[in-house]
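Hi,

Here is the model I promised to pass on.

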Amino acid sequence: MSSNVDVLLLPMEGAMHEAISLSTQMRDAGLRVQIHYEKKKFKAKMAYADRLQIPYVAILGEDEIAAQAVGLKNMATGEQQTLPYLQAIAYLQKAVKAATGKKIISDPISWL
């Protein structure tokens with residue numbers, strides 16, 4: 001089973017405004033994003049992503065927000081990196097396309 005979500009966005013406490021803004025940018029870029037906003041331990045949130053087979057987790061905390069960046073974790077390989085927002089979006093678009101072979105829809109209404 002593969003997930004219907006490309007990226008699980010994990011905002012740390014107090015980062016909901018930034019998380020909504022970033023998720024909107026990601027969705028506008030054709031990525032399927034879910035925000036995990038429940039107050040649970042970080043390990044439980046990661047287990048949730050793993051259980052649903054979500055390929056990438058985006059971590060948005062105080063340090064990332066200050067740097068206008070996001071931490072990305074590839075759930076299959078465990079590789080983690082921090083990238084500026086636009087670079088992260090481009091990286092995810094390329095990774096999702098490579099993994100699925102599907103075209104990323106960058107214009108949300110282009111299929112109408």
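Let me start with helix H2, whose buried residues pack against E1, E3 and E4 (contact means heavy atoms within 4.5 Å; buried means under 20% relative accessible area, exposed over 50%, partly exposed in between, with a 1.4 Å probe and protein chains only). Helices (H or I, at least four residues) and strands (E, at least two) are DSSP runs, numbered from the N terminus.

This is a predicted model, so local features need pLDDT of at least 70 and side-chain atom pairs pLDDT 80 or more, while totals for chains, interfaces and linings use all residues. Residues are numbered from 1 along each chain as its sequence is written, and side-chain values use heavy atoms, leaving out hydrogens and water.

The buried residues in H2 (residues 42–51) are Lys45, Met46 and Ala49. They lie on the same side of H2 because they cover an arc of only 100° around the axis, taken from the directions from the helix axis to the C-beta atoms. Lys43, Asp50 and Arg51 are exposed on the other side of H2. After H2 comes glutamine 53, with a positive phi near 60°.

Now the sheet: it is open, with five strands in the order E2-E1-E3-E4-E5 and mixed pairing (two strands pair if DSSP finds at least two bridges between them). At its edges are E2 (33–35) and E5 (80–84), each pairing on one side only. E1 (residues 7–11) and E2 run parallel and are joined by three bridges; leucine 8 stands opposite glutamine 34 in E2.

Enjoy exploring!
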